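Please keep the structure open beside the text as you read.

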Amino acid sequence: MFGAFAVYVGEKIMLILRDKENHEEANGVWIATSKEHHESLKKEFPSMCSVYLLSDGKAETDWQMLQLSADDFESSVIRLCEFILRGDKRIGRIPKTRKRKK
């Protein structure tokens, strides 16, 4: 997936794992969520931020991330995985189906 790894549980995309040389500020674990869950997830993961690479660089995106450079990166990712294992409804999205090119 565009040079990163996607993590699915069933049909839901949960995470994207990114570690590339370009746009290093976007390296880390991307979280598939929606804006309605940002506030509550931010309480659980204070270092969580928007994946600005997906927007004009300023706008909040549905996708959030735990940056690889964050001091609490490893502990936050472990907690995030625990949330997924418990079936936290704030994490995960069913990708939109794409029309095939003719």
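1. Let us begin with the salt bridges. The count comes to 3 salt bridges, where a salt bridge is a side-chain nitrogen of Lys or Arg within 4 Å of a carboxyl oxygen of Asp or Glu. Please bear in mind that this is a predicted model, in which local features need pLDDT of at least 70 and side-chain atom pairs count only at pLDDT 80 or more, while totals for chains, interfaces and linings use all residues. Residues are numbered from 1 along each chain as its sequence is written, and side-chain values use heavy atoms, with hydrogens and water left out.

2. The N to O distance between the two side chains is 2.8 Å. Helices here are DSSP runs of H or I with at least four residues, and strands are runs of E with at least two, numbered from the N terminus. R79 counts as partly exposed because its relative accessibility is 32%, and E44 is partly exposed at 30%. For these words, buried means under 20% relative accessible area, exposed means over 50%, and partly exposed lies in between (1.4 Å probe, protein chains only).

3. Next, look at R93 and D62. Their closest N and O atoms are 3.4 Å apart, and the two form a salt bridge. This pair links distant parts of the chain, 31 residues apart: R93 sits in the segment after α2, and D62 in the loop between β4 (49–50) and β5 (64–67). R93 is partly exposed at 28% relative accessibility, and D62 is partly exposed with a relative accessible area of 27%.

4. Are D88 and R90 buried or exposed? D88 counts as buried because its relative accessibility is 17%, and R90 is buried with a relative accessible area of 17%. These two residues form a salt bridge, with the closest N and O atoms 2.7 Å apart.

5. Two polar contacts deserve a look. A polar contact is a pair of N or O atoms within 3.5 Å; within protein, one must be able to donate a hydrogen and the other to accept it, and residues adjacent in sequence count only if both atoms are side-chain atoms. H38, placed in helix α1, is buried at 8% relative accessibility, and its side chain is joined to that of E60 by a polar contact of 3.0 Å. N27 is found in the loop between β2 and β3 and is buried, with a relative accessible area of 4%. The side chain of N27 makes a polar contact of 2.6 Å with the side chain of R18.

6. H23 is found in the loop between β2 and β3 and is partly exposed at 41% relative accessibility. H23 is not a glycine, yet it has a positive phi of about 50°. As background, most residues other than glycine have a negative phi. K20 also lies in the loop between β2 and β3, where it is partly exposed at 28%. K20 and G3 are 17 residues apart in sequence, with their C-alpha atoms 7.7 Å apart in space.

7. Which residues form the negative surface patch? They are D19, E21, E24 and E25. Patches are made of residues with over 30% relative accessible area and no salt bridge, with like charges joined within 9 Å; Asp and Glu count as negative, and the place of a charge is CG of Asp or CD of Glu. Accessible areas come from the Shrake-Rupley method with a 1.4 Å probe. D19 lies in the loop between β2 (12–18) and β3 (28–31) and counts as exposed because its relative accessibility is 60%.

8. Finally, please find A59 in the loop between β4 and β5. A59 is partly exposed at 33% relative accessibility. A59 and V77 are 18 residues apart along the chain, and 24 Å separates their C-alpha atoms.

Definitions and conventions. Patch = residues over 30% accessible without salt bridge, like charges linked within 9 Å, V, L, I, M, F, W, Y side chains within 5 Å.
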